[in-house]
Amino acid sequence: MKRYNITLMPGDGIGPEITEATKRVLEATGVSFNWEVVYAGAEVQEKYGTPLPDYVLDSIRKNKVAIKGPVTTPIGSGFRSVNVALRKKLELYACVRPCKSYPGVPTIYKDIDIVVVRENTEGLYSGIEFEKGSPQTAELIKLIERTNGSIVRQDSGISIKSISEMGSQRIVRFAFEYARADNRKKVTAVHKANIMKFSDGLFLETAREIAKEYSDIEFEDRIVDNMTMQLVKNPNQFDIIVTPNLYGDIISDLCAGLVGGLGLAPGANIGNDCALFEPTHGSAPKYKGMNKVNPMAMMLSGVIMLRHIGEMENAERLERAIAAVIAEGKNVTYDLKPEGERDQAVGTSQVADAIIEKLKE
Ligand code: NAD
């Protein structure tokens, strides 16, 4: 029987609990895995002098497929995001975040099936930043004044937003190819090209050019502020959304909210060589070790991973089992219980037990 070599990163906060639950349901499908377990984040920084040791990257490059739990990023000071670094270093340029309604979830919207395709390697997440008061910042402020005529206040901190033609072509093409492969009808590009003419403007212009190569799929664009309003008002009009990095991050959380919250929002980071699967949510530190949070976002990331490695039938089986547990509404975590019934919620590991039982049916 075929065994798949997969890098497994439990992460921190709630990461280890949801990873364990996910590993159990993936194994219960009958697919055979060799897990290569690796660690990143604050816990390894002391030992390796970096929160993202090379051995982690080497493992993913070798195995080509990885699944991970969330990793905490210190806010303001401290090390930069391990999650962003992984996507950049492995050139995982496409972040795919499907948001789908499952019957039984207490939510006001029904029948939503939106996929957010977010550019993962550039935009405001390039990590090119200049700290307030540093000599480099002073030099940059002078350069801006000399070349652009704009005055930037001396006490400013600066984050650079850069969007390339190549990066835009690559992500928009990915969105259209995804649309074709998944039998979808429409791609909506989201931007703020009216204000940021040279970055978002380039993204939009490139998107329009690429759209001409895909006359079988409808194309439209929306300004990001209007988009958030329309997503709340009438989300069913959208199919695939393609967008630069920051808007994609925000919109995918919004879309997760439409279908019942972060506990049901899976994600995939895809590059030409490797793929890394992870839930959209973070490490929710306040729930660490409490056996409380919903493992389904990570399990559904596992479903996408199974499809990626070609285990289509087992992916369908696992998704059906998760959907059945949601529909029954008995063995679900607090976030999937209606207000007033939250005291009847079960824990993370009991959700895994219930899904494993369904897989046996
Ligand atoms: P978060 O997603 O961790 O949590 C926000 C809230 O959403 C939680 O308090 C909880 O109420 C709810 N929630 C999240 N996951 C849930 C689940 N599985 N089940 C039920 N409810 C859930 O966001 P945050 O608090 O802003 O971030 C915490 C840390 O996670 C930060 O350090 C952040 O940088 C990091 N983060 C990591 C990733 C990643 O690893 N890819 C992604 C986002 C945030």
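This is a predicted model: local features need pLDDT of at least 70, side-chain atom pairs count only at pLDDT 80 or more; totals for chains, interfaces and linings use all residues.
Student: Which residues come nearest to the ligand?

Tutor: A residue is near a molecule or strand if one of its heavy atoms lies within 4 Å of it. Here 21 residues stand around the ligand, and those that come nearest are Val-71, Thr-73, Gly-282, Ala-284 and Asn-294. The shell divides into eight nonpolar, eight polar and five charged residues, where Ala, Val, Leu, Ile, Met, Phe, Trp, Tyr, Cys and Pro count as nonpolar, Asp, Glu, Lys and Arg as charged, and the others, Gly among them, as polar.

Student: How do I read polar contacts at this site?

Tutor: A polar contact is a pair of N or O atoms within 3.5 Å; within protein, one must be able to donate a hydrogen and the other to accept it, and residues adjacent in sequence count only if both atoms are side-chain atoms. A nitrogen atom of the ligand, in turn, lies 2.9 Å from a polar side-chain atom of Tyr-334. Taken alone the ligand exposes 820 Å², of which the protein buries 71%; such areas come from the Shrake-Rupley method with a 1.4 Å probe, and for residues only the protein chains shown count as cover.

Student: How many disulfides does the structure hold?

Tutor: The structure holds zero disulfides. For Cys-95 the closest cysteine sulfur, in Cys-99, is 10 Å away, and therefore too far for a bond. Cys-99 is in no disulfide either, the nearest cysteine sulfur being that of Cys-255, 4.9 Å away.

Student: Are these two cysteines buried or exposed?

Tutor: Buried means under 20% relative accessible area, exposed over 50%, and partly exposed in between, with a 1.4 Å probe and protein chains only. Cys-95 counts as buried at 2%, and Cys-99 counts as buried at 1%.

Student: Where does Thr-348 lie, and what does its side chain meet?

Tutor: Helices (H or I, at least four residues) and strands (E, at least two) are DSSP runs, numbered from the N terminus. Thr-348 lies in helix α12, residues 348-360, and is buried, with a relative accessible area of 1%. A polar atom of the Thr-348 side chain lies 3.3 Å from the backbone nitrogen of Lys-292.

Student: What can I say about Asp-113?

Tutor: Asp-113 lies in strand β5, residues 113-119, and counts as partly exposed at 36% relative accessibility. Contact means heavy atoms within 4.5 Å, and, not counting residues up to four places away in sequence, Asp-113 touches Cys-99, Lys-100, Arg-184, Phe-238 and Asp-239. With the side chain of Arg-184, the Asp-113 side chain makes a polar contact of 2.9 Å.

Methods: Residues are numbered from 1 along each chain as its sequence is written. Side-chain values use heavy atoms; hydrogens and water are left out. A disulfide is a pair of cysteine sulfur atoms within 2.5 Å.
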